Amino acid sequence: MTTDKKKGQKKTFSMNGAMKCGAGIVGFFLLVALFAKQIAPYDPAQMGVPYIKPCAEHLLGTNDVGQDIFSELIYGTRVSLLIGVFTAMVVTVFATMLSLISGYYKGIPDKLITALTNITMGLPSLALTVLLVAYLNPGKTSIIISISLTAWTGTSRILRSRIIQLAEMPFIKIEKAIGMNDFVIMTKHLLPNLKDIILSRAALAVSSAMMTEAGLSFLGLGDLGSKSWGSILHYAFYQNGVVRGYYWWYLPPILCTSLAVTGFMLLGYYGVQKMPGGKKDA
């Protein structure tokens, strides 16, 4: 029995091929973001000769004001990941709190939170996000708040259904019968059994937030004072980079966004989905 339990514990932390690939991609971009200053050959704000084609001095050429596009791309990793990760944290924490209250207490709290979730899910999220960012003034904080207000519903519904199942398990009923505090039951017994779902949904939330940020920045609603992949794309299209055939300007941010989103999706969906630990009840 002891040997079987140890084997089960090892499998819980094993990573399949998809998850390893996703972790590798995410790890690469995290390293780029952390060491952007050391990797970037130029200051992204430094101006020079405009519209230089890719060469040894400028690997991805320069933009309309002579800024090195490769350096912009490196520093843009920081902003894109920052918004994605912080938005995912807000969304995950908020959704987890609501789902714990809804699934554990049931009754009136469950009805109210479920009604709020259904109403929020019925709203056009992208249109609402655009309106909120425009109203709050473009910037990192307004983007994080605007995305978070509509992105929590999916995570909340999934966690709520799982908590309702767990609340009917014998070990939870025993804790209630002996008078264990509700907060202790939620934090010590329910949350540990939700960790795999929470992590997977958080990873998916990062990818979703990064895509939304890129879209908002492309529309000119991002933080134009700092470099992000979306803002690079915005200026590339605004200055007719596509029409002029400046592929080295508009393709790199598209590829980086797509690759980073793919990495987080592999971690959040294909990876954790096959982990045995995600299906355990206790």
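Cys55 is partly exposed, with a relative accessible area of 33% (buried means under 20%, exposed over 50%, and partly exposed in between, using a 1.4 Å probe and protein chains only). Keep in mind that this is a predicted model, where local features need pLDDT of at least 70, side-chain atom pairs count only at pLDDT 80 or more, and totals for chains, interfaces and linings use all residues. Residues are numbered from 1 along each chain as its sequence is written, and side-chain values use heavy atoms, leaving out hydrogens and water.

So what about disulfides? Searching the whole structure turns up 0 of them (a disulfide is a pair of cysteine sulfur atoms within 2.5 Å). Cys55 is in none, as its nearest cysteine sulfur, in Cys256, sits 19 Å away.

Now for charges: the structure holds 4 salt bridges (a side-chain nitrogen of Lys or Arg within 4 Å of a carboxyl oxygen of Asp or Glu). Lys227 pairs with Glu72, their closest N and O atoms being 2.6 Å apart. Lys227 lies in the loop between helix 11 (195-218) and helix 12 (229-238), while Glu72 belongs to helix 4 (residues 69-105), so this pair ties together parts 155 residues apart in sequence. (Helices are DSSP runs of H or I, at least four residues, numbered from the N terminus.) Glu72 is buried at 3% relative accessibility, whereas Lys227 is partly exposed at 21%.

Then there's Glu168, which bridges to Lys173 with 3.5 Å between the closest N and O atoms. Together with Lys106, Glu168 and Lys173 form a network of salt bridges.

Note on methods
Helix = DSSP H or I, 4+ residues; strand = E, 2+ residues; numbered from the N terminus.
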